[in-house]
Amino acid sequence: MDRDRLAQALLATFLEELEGHVASLNRDLLALEREQGTPRAAERVAALLRTLHSVKGAARAASALLVETACHRLEEVLEPLRDGRTASPELYELCFAAVDALDDAGRRLASKQELAGSPLDTLLPDLERAANGDVSAPHATGTTPHAPGATRPPGATDESSRAPGASAARSRAPGSAAEPSRAAGAAPESSRMPGASAESSRMPGASAESSRMPGSSAESSRMPGASAESSAPESPPSSPVLEATLPVRVSAQKLDALLSRSGELRVASLRLEGRTETLEGVREELARMREAVQGTEAESSLRRAEKELARVTRELAADQRTLSGVATGMDDEVRRARTLPFLEGCEGLERAARDVARSEGKKARLEVHGGALELDRSLLQSLREPMLHLVRNAVAHGLESPEERRRAHKPEEGRVTLSARLRGSRVEVTVEDDGRGLNLEALRARAVAQGIEAPEDDEDAARLAFHSGLSTSTRVTEVAGRGVGLDVVRTQVEAMRGTVEVSTLPGQGARFALDVPLTLSTLRVLLVSAGGQILALASEGVARLVRLSPDEVRDVEGRPTWVAEDALVPLASLADVLGLPPGPPRQRRGAVVLAAGTARAALVVDEVLAEQEALVRALGPRVRRARHVSAAAVLPDGRLSLLLNPVSLVRAAGGRPSTALFPAPVTQRTRRRIVLADDSPTTRALEQSILEGAGYDVVPCVDGAEAWERLQAGGAEALVLDVEMPRMDGIALTEAVRASPRFARLPVILVTARGRPEDKARGLQAGASAYLVKSAFDPTSLLETLRRLL
């Protein structure tokens, strides 16, 4: 190898090491700041000095002289702390700024930029003064989390700048494969980030650009010629047994490609299974033909062909089973190689929480539960940005100041808990804080000011936090006040075919729950037809399948609704939602009930076709923004089907106006009699005018008791009732009508000011055919509802 190629190889290896060392430095600095004055503080300082010593030696080998000098100065700054001396807040700020500057230097070297004038170069005088005992706040370098030039990940907003020291986690997406200690199951189920020393939690030289097979270390990949200060002692010759377990570094891109090929192999196996079934059908057809020509010369020829085809079918079936076993095993092994502990995906988040807390004058700590849970690398990479948003949001918005917490009888230090757990084929990640909780009244007020309906229900009001541009912060900072952070979280989680829910208790905190699929590459799908198209729905998002008849559908606020056993479920046509041609109306319609978090919707389809496994492919840039579509599903027969987004469909179905889902009954053109009951003269006169203008014969009544008398005396085609009335209210009258054999099937429309979900459920349970809320009263909706019911 010539000198230039050797220099390039040494630099590449050094940059891989540097990103891992930056993560270790951040982790141990945070632990030292938290544990100073305790017996463990000396261990933290020793770990920091060991890491700096390794970086310094590797930088010398790679000719990164500025990095070498900075590490030497930082060693001089930290050495006095080894003897138990307490560091000032300014010294910690300087150290964190130096680590960020080292991180920035690595990115500059990777892109072949000069380090002259870089943040690390600018920070050297501060480090020299600190080494001589003159400690002051570091000059602005552009690498601190609140500096204007702070590096952010793609798509990040002002509210979610990059977590300091997180580049290693991000580019490793979010880390290399589990280190030996974690691969052996040593990671605790509940750990406070970051608690392990650099030596115990990361092997020196951890690669940032590659994922390793379990058990590997970066020491095995150092280029010859590395400095003795950073290289491990030379190992004795390996035995054949040891050679079999030598660590191997595999790039993340290669693992991604291998997983893609593995998925295609599984699809090919399923396709072969279909071919086997086809051959079996041909063999059965031959058997019928042979029976039809029994006793002729053709019988023997057909018998031989049938036997040969049966043999080929058996062999093909055996080959298919073998291929299926190999494909499944390969898929499992590739996924196992790609998995990382959840704790790896949280790398740098405690640093982000610490920096936001200091900028806001608060005290906070981040705890991680379920850190040993192994998750797919691409899933952790996709989760990183939403987790960063939520952690920063919890500290900036959720936690109170130390003074407020003392007055509320809480510890001065607030707690943010990040947890992960498996739920079947999905992963639930929660970010929870013990702060003040969401200000629901402020959210409602901001919503009304922006022309957004403010729901009465607290759970629905809490979801207003996900609206873009809606923030309760009274001031704009780098992490709060613009109202985009939680909207970004929702958008990114839904892009992963997931959901995000929020719950809150005043004075006790808020909890955000992210529910995402365990794998983003393959999944089981339910195939349905709608509007002449074959469409795919992720099976995990399908709550149930139902067949509906007209009498099972009610009208609530002008929208068709299926009354389930435990809830009112919005009903819409899938073809109508997607803008496809409608199918023919039928007396009974099949519907797919989709679940997105706590929300549900029933989508009427033309036909449910099958459930099968499919390979997920991302959409190209030209169709990336297609409404209600999240990806493409490659079916076993090689066809492509659009994979629909259940969250988007549920949201769209809830706001659809009613459409003709069933054939319209044949009606006689006669003037129909409507009994109208409302104790408000104004409302009664308005509704009477609307109905008479549409050609109905209206019998106005002042309360439910009069309406019941008029109904028994002269009958009616339908009832339009208020709920709150003297003598007999609308609910009692509806129950009386349903209990009467004569009027049991009479359409009853409740028009009321009560709009809460429990009020609607009470009305429909009493037997109302439709439920309209006066606050959203529209004459058209009343007339359209009557038209459908009659």
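E299 lies in helix α11 (residues 297-338). Helices here are DSSP runs of H or I with at least four residues, strands are runs of E with at least two, and both are numbered from the N terminus. E299 is buried, at a relative accessible area of 14%. Buried means under 20% relative accessible area, exposed means over 50%, and partly exposed falls in between, for a 1.4 Å probe and protein chains only. Beyond its neighbours within four places in sequence, E299 is in contact with R290, V293 and Q294. Contact means heavy atoms within 4.5 Å.

This is a predicted model, in which local features need pLDDT of at least 70 and side-chain atom pairs count only at pLDDT 80 or more, while totals for chains, interfaces and linings use all residues. Residues are numbered from 1 along each chain as its sequence is written, and side-chain values use heavy atoms, with hydrogens and water left out.

**Overall make-up**

The protein has 25 helices and 26 strands. Of its 790 residues, 51% are buried. Among contacts with a separation of 6 or more, 71% are between residues 24 or more positions apart.

**Nonpolar cores**

In soluble globular proteins, nonpolar side chains tend to be buried together. The largest nonpolar core holds 50 residues. A nonpolar core is a set of buried Ala, Val, Leu, Ile, Met, Phe, Trp, Tyr and Cys residues joined through side-chain atoms within 4.5 Å. F342, L383, V395, L418 and V429 touch the most other members. Helix α14 (residues 377-398) gives the most to this core, with 10 residues. Leaving out residues up to four places away in sequence, F342 touches a set that includes V368, L373, L380, M387, L418 and V429. Apart from this core lies another, of 45 residues, with L15, V77, L109 and L124 among them.

**A buried aspartate**

D376 is found in strand β6 (residues 374-376). D376 counts as buried because its relative accessibility is 10%. Its side chain makes a polar contact of 2.4 Å with that of S378. A polar contact is a pair of N or O atoms within 3.5 Å; within protein, one must be able to donate a hydrogen and the other to accept it, and residues adjacent in sequence count only if both atoms are side-chain atoms. Outside four places in sequence, D376 is in contact with R338, T339 and L518.

**The barrel**

5 strands close into a barrel, in the order β11-β12-β21-β20-β19 and with mixed pairing. The twist averages 50 degrees from one strand to the next. Two strands pair if DSSP finds at least two bridges between them. Strand β11 (residues 522-530) and strand β19 (residues 607-617) pair in the antiparallel sense over 8 bridges. R524 has E613 in β19 as its bridge partner.

**The open sheet**

An open sheet has 11 strands in the order β13-β17-β18-β16-β15-β14-β26-β25-β24-β22-β23, again with mixed pairing. β13 (542-548) and β23 (697-701) stand at the edges; each has a single partner strand, so one side of each is left without a neighbour in the sheet. Neighbouring strands are turned by 25 degrees against each other on average, direction ignored. Strand β16 (residues 568-573) and strand β18 (residues 599-605) run parallel and are joined by 3 bridges. S573 stands opposite V604 in β18.

Axes are lines fitted to C-alpha atoms, for helices over the stretch in contact, and angles run from 0 to 180 degrees between N-to-C directions.

| Helix | Strands crossed | Angle |

**Helix α1 and positive phi**

Helix α1 (residues 3-35) has 33 residues, which at 1.5 Å a residue should span 48 Å; its end C-alpha atoms are 46 Å apart, in agreement. The expected span is 1.5 Å times one less than the number of residues. Just after α1, G37 takes a positive phi of about 85 degrees.

Most residues other than glycine have a negative phi. K112 has a positive phi, near 60 degrees. It is found in the loop between α4 (89-110) and α5 (119-131). K112 is exposed, with a relative accessible area of 77%. R497 also has a positive phi, near 65 degrees. R497 is found in the loop between α18 (485-495) and β9 (499-505). R497 is buried, at 8% relative accessible area.
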